[in-house]
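Dear colleague,

I am passing on the structure we spoke about, and would be glad if you could read the notes below with it open beside you.

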Amino acid sequence: VVEDKQHPRGHKQFQMPERCPVCGGHVVRVEGEADHRCVNANCPAKLRESVSVKDFGAVGDGVTDDTAAIQAAIDYLSNGQTLYIPLGTYSITSTLTVNRQAFIIQGQSGAYDSGTGSILVWNGADSGTLLKVTNGLRSVYQYFQIISGSGTLDVAINLYSTSGASGATKFDSINIDGGSPSGTARIGNGIVFSGTYSGDVGENKLYDVRISGTTNCIAYYTV
């Protein structure tokens, strides 16, 4: 008799629970993903570490306006938490605003120019700002893309300071693309440090950051 060590005699097949063991909410699997998630946006286990935009109703199909859902997810963030953006194309029509410190905005890596990954596409009015972060000290932005859609952007990411410092910011595997078939830049500024920012430029780290189709890649506007 040969016994399977990985599945010993009496072994029971694992079944994913239908209810969250922490809050009792329903557990579902989003189509196209392997992860199972609790649907309760107030689940203590979810809010302790990370918040997914899809838990707040974001669709990521490139058609649905996901602005309100993503802003709701941002508003649930606490200092030190992660905002997770799963694979998909998320239509944004007004500025997403963050007023937190030491947080992470993390997408799911995808190849540049392939239409894959976590993509935020600006479909708002011309000369808009997609993401504005106020006093976001020690924040991290990684594995997502920002592109211009039906509208042009003045600023893709604006790090605004009212406290005199916005240092120790890390950008990792970010793609900002304002290109168009005609070759006209549809994004004015890729990443902007503004307000009363007076931190050491060297405190901010960029790894594998690609900015194209913009008038300025990185700019500092202080008052």
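This is a predicted model: local features need pLDDT of at least 70, side-chain atom pairs count only at pLDDT 80 or more; totals for chains, interfaces and linings use all residues.

Helix α2 spans residues 67-76, and its buried residues are Thr67, Ala69, Ile70, Gln71, Ala73 and Ile74. The cover over these buried residues of α2 includes the strands β3 (50-52), β4 (61-65) and β5 (82-84), together with β6 (88-92), β7 (96-98) and β9 (118-122).

Once the neighbours within four places in sequence are left aside, Gln71 is in contact with Thr95, Leu96 and Thr97, and a polar atom of the Gln71 side chain lies 2.9 Å from the backbone nitrogen of Thr97.

Asp75 also lies in helix α2, but with a relative accessible area of 48% this residue is partly exposed. Between the C-alpha atoms of Asp75 and Thr97 there are 8.7 Å, although the two residues stand 22 residues apart along the chain.

Turning to the strands, β14 (residues 187-195) has 9 of its 9 residues buried, so that this strand is largely enclosed by the rest of the structure. Strand β12, which covers residues 153-161, pairs with β14 in the parallel sense over 7 bridges, and Leu159 stands opposite Phe193 of β14.

With best wishes

Notes: Residues are numbered from 1 along each chain as its sequence is written. Side-chain values use heavy atoms; hydrogens and water are left out. Buried means under 20% relative accessible area, exposed over 50%, partly exposed in between (1.4 Å probe, protein chains only). Helices (H or I, at least four residues) and strands (E, at least two) are DSSP runs, numbered from the N terminus. Contact means heavy atoms within 4.5 Å. Two strands pair if DSSP finds at least two bridges between them. A polar contact is a pair of N or O atoms within 3.5 Å; within protein, one must be able to donate a hydrogen and the other to accept it, and residues adjacent in sequence count only if both atoms are side-chain atoms.
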